[in-house]
Amino acid sequence: VSLGGSALWQRHTLTRPMSQPAAKKPKVVGNGAAASQDVQVVYAGMPGCFSEKAAKQYFNIKLKDEKYATSGLRSVATVFQAVQDGVAQFGVVPVENSYSGSLHQVFDHLLEFEHLQIVGEIGCLEEHCLLSLQTVSDKSMLRAVRGHPHILDACSRYLEALEKANDSEIRCEPAMNSASACKDLTSTPSIEPTAVIAPFEAAEIYDLRVLERGIANDKNAETRYIILGRAMRAEAAPAAGLAPGGSATEIPMFKSSIVLALSNVEGSVFKIIAQFSTRNINILKVETRPAATANSRQPVLSTSPRHWDYLFYIDFEPSRSPQTNKNLISALSEFSMWMRDLGTYQAHSNGLVVSRPDWSILDTASC
């Protein structure tokens with residue numbers, strides 16, 4: 001199974017796991033009856049959720065010559081476990097929303113499941129819709145809204161405006177994912193008029209009424225998903241791989257992800273950042289997590305971390321020089337307590353900008 005590459009980089013060649021111990025198959029919550037010879041892709045959620053859409057969007061492009069099947073699992077943790085156990089070749093999990101930020105549990109799982117790497121990513125433009133039972137004819141009737149916590153946050157301004165327009169409090173109820181919120185609403189209707197925030201397609205799947213489309217704080221709301229697999233890191237090939245005339249315009253951008261532990265002492269962060277700067281390597285993102293998360297389930301660090309020691313998850317654009325990348329990793333290892341490579345993969349970029357939403361209630365309620 002190949003997810004593509006370029007002349008500048010070796011291809012990511014992903015094979016089905018070799019001899020691994022038999023593992024108990026995680027519970028599939030929908031759309032999991034595909035032939036065994038198909039490439040198996042798992043996501044957290046149910047048919048109609050945003051993660052399923054992201055999985056299909058990515059693999060429709062990357063697996064042009066192979067059949068694949070998507071299956072929904074009950075949680076992000078079970079997605080990681082299924083890929084590590086060889087039940088599935090790939091997993092798709094959300095890692096960051098353009099408004100509500102990072103999903104911290106995903107970073108913690110990347111640390112826990114040491115045999116997995118990031119082999120790809122995709123950014124998905126997502127239309128958040130307000131859906132209800134057919135008996136709810138107007139959004140002015142609503143008293144509660146359900147959705148994933150990050151989605152509720154990404155639509156917070158709309159919900160505040162709706163409260164003002166209705167002159168009534170609207171209770172926000174967290175759900176595991178958008179599709180499970182839809183299913184729960186239809187299978188166990190609430191006494192109070194209740195809506196869910198979910199993709200437009202979920203309305204047809206679960207026979208729900210669309211009360212409003214595009215209710216996110218940002219009209220161009222986007223979520224970045226990472227693709228998990230048991231893959232080797234791609235290494236840079238010589239610069240001879242450039243297009244004719246030395247132009248790099250046709251070369252896709254790649255991204256490398258690492259995690260390292262730093263002691264909370266003077267100059268520790270500077271020493272790390274300096275390694276990138278002196279090599280003209282661009283840092284794309286830095287995320288911190290308490291070092292305690294490294295040993296919360298299984299020991300990762302050789303010594304017990306102290307409170308206020310941190311793990312730094314760093315995404316960067318690797319050099320086209322393999323030697324430069326090798327020297328960078330060597331230097332980072334020297335100045336950190338511990339480090340792990342999380343993968344190198346083709347980056348996704350679509351140039352979207354923040355755009356003001358155009359909800360129908362903006363004219364009647366100040367936000």
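The following questions and answers walk through a predicted model of one protein chain.

Reader: How many helices and strands does the chain have?
Author: Of the 367 residues in the chain, 52% count as buried. Among contacts between residues at least 6 apart in sequence, 82% join residues that are at least 24 apart. As for its secondary structure, the chain has nine helices and 16 strands.

Reader: Which residue in β9 does G147 stand opposite?
Author: Strand β8 covers residues 144–147 and is joined to β9 by four bridges, the two strands running parallel. Within this pairing, the residue of β9 that stands opposite G147 is P174.

Reader: Is D167 buried or exposed?
Author: D167 lies in the loop between α5 (156–166) and β9 (171–174), and its phi is near 55 degrees, a positive value in a residue other than glycine. Most residues other than glycine have a negative phi. Because a residue with over 50% relative accessible area is classed as exposed, and D167 has a relative accessibility of 71%, D167 counts as exposed.

Reader: Where is D207 found, and what is its phi near?
Author: At 55% relative accessibility, D207 counts as exposed. D207 is found in the loop between α7 (201–205) and β11 (209–212), and its phi, a positive value in a residue other than glycine, is near 55 degrees.

Reader: Are helices α2 and α3 roughly parallel or roughly antiparallel?
Author: Helix α2 (residues 76–85) and helix α3 (residues 104–112) pack with their axes 10 Å apart, at an angle of about 25 degrees. Because angles under 35 degrees count as roughly parallel, the relation of α2 to α3 is roughly parallel.

Reader: How many nonpolar, polar and charged residues does the contact of α2 with α3 have?
Author: In α2, the residues V76, A77 and F80 meet Q105, V106, H109 and L110 in α3. Sorted by class, the contact of α2 with α3 has five nonpolar, two polar and no charged residues.

Reader: Which residues does V286 touch, not counting those up to four places away in sequence?
Author: V286 has its place in strand β14 (residues 282–290), and with a relative accessibility of 41% it counts as partly exposed. V286 and S257 are 29 residues apart in sequence, while their C-alpha atoms are 9.8 Å apart in space. Leaving out residues up to four places away in sequence, V286 touches F312, Y313 and I314.

Reader: Why does S268 count as buried?
Author: S268 is found in helix α8 (residues 268–277), and, leaving aside its neighbours within four places in sequence, S268 is in contact with L262 and S263. Buried means under 20% relative accessible area. S268 is therefore buried, because its relative accessible area is 10%.

Terms used: Residues are numbered from 1 along each chain as its sequence is written. This is a predicted model: local features need pLDDT of at least 70, side-chain atom pairs count only at pLDDT 80 or more; totals for chains, interfaces and linings use all residues. Side-chain values use heavy atoms; hydrogens and water are left out. Buried means under 20% relative accessible area, exposed over 50%, partly exposed in between (1.4 Å probe, protein chains only). Two strands pair if DSSP finds at least two bridges between them. Contact means heavy atoms within 4.5 Å. Axes are lines fitted to C-alpha atoms, for helices over the stretch in contact, and angles run from 0 to 180 degrees between N-to-C directions. Angles under 35 degrees count as roughly parallel, over 145 as roughly antiparallel, 65 to 115 as roughly perpendicular and the rest as oblique. Ala, Val, Leu, Ile, Met, Phe, Trp, Tyr, Cys and Pro count as nonpolar, Asp, Glu, Lys and Arg as charged, and the others, Gly among them, as polar.
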